[in-house]
Amino acid sequence: MVDVDIDPTTGKRKQLTRTFGTLKEAKAEYARITNRRQEGTLVPPNKVTVNEWLDQWLAMKAEDLEETTIYNYQITLDRVRGAGPYPSSGTH
C-alpha cells in the first residue's frame, strides 16, 4: 500500500494497493510509484466514469460557449453514449 495523493475535497489520503507474486516485484513497483510521485508524474487511479468526466468537461466548457454550441456538443455526446434519437439518413 502506497500513499499516492490527498483527496482535495475530504483531505484524506488516497492509497494504491496492489498484489504481487514476489517480494522483488512488490519492491520494484513500490520504487517506481514512489519515484513517479516525487517527480510529480504519478497519476493516481480514478473511479470517475467516462460519462461523468464528459459531464464535468461539458459543464466546464459551457462557461465559454454559446448556447447553440453547448446544445450541439450535448447532442454529439448523447450519440456517442448511445442515447437520443438519430436523424434518419435512409442508410442503416
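This is a predicted model: local features need pLDDT of at least 70, side-chain atom pairs count only at pLDDT 80 or more; totals for chains, interfaces and linings use all residues.

**Entry 1: aromatic rings.** I began with a rule: rings of Phe, Tyr and Trp (its six-membered ring) pair if their centres lie within 6.5 Å, and planes under 30 degrees apart count as stacked, over 60 as edge-to-face and the rest as tilted. My search of the whole structure found one aromatic pair. W57 and Y73 make up that pair, which is stacked, with 5.7 Å centre to centre and 20° between the planes.

Residues are numbered from 1 along each chain as its sequence is written, and side-chain values use heavy atoms, with hydrogens and water left out.

Entry 2: I took helices as DSSP runs (H or I, at least four residues), numbered from the N terminus. W57 belongs to helix α2 (residues 50-62) and Y73 to helix α3 (residues 67-81), so their pairing ties together parts that are 16 residues apart in sequence.

Next I checked accessibility (buried is under 20% relative accessible area, exposed over 50%, partly exposed in between, with a 1.4 Å probe and protein chains only). W57 is partly exposed at 26%, and Y73 is partly exposed at 32%.

**Entry 3: helix α3.** I compared its span with the expected one, which is 1.5 Å times one less than the number of residues. The 15 residues of α3 should span 21 Å, and the end C-alpha atoms are 21 Å apart, which agrees. After α3 comes G82, whose phi is positive, near 90°.

**Entry 4: salt bridges.** I counted a side-chain nitrogen of Lys or Arg within 4 Å of a carboxyl oxygen of Asp or Glu. How many salt bridges does the structure hold? I found two.

One of them joins the side chains of E29 and R32 at 2.6 Å, N to O. E29 and R32 both lie in helix α1 (residues 23-39), three residues apart, or about one turn of the helix. An α-helix has 3.6 residues a turn, so residues three or four places apart point the same way. Is E29 buried or exposed? E29 is buried, at 13%, whereas R32 is partly exposed at 34%.

The side chains of D55 and R81 also meet in a salt bridge, at 2.8 Å, N to O. D55 is in helix α2 and R81 in helix α3, so this pair ties together parts that are 26 residues apart in sequence. I noted D55 as partly exposed at 43% and R81 as partly exposed at 28%.

Methods: Helices (H or I, at least four residues) and strands (E, at least two) are DSSP runs, numbered from the N terminus.
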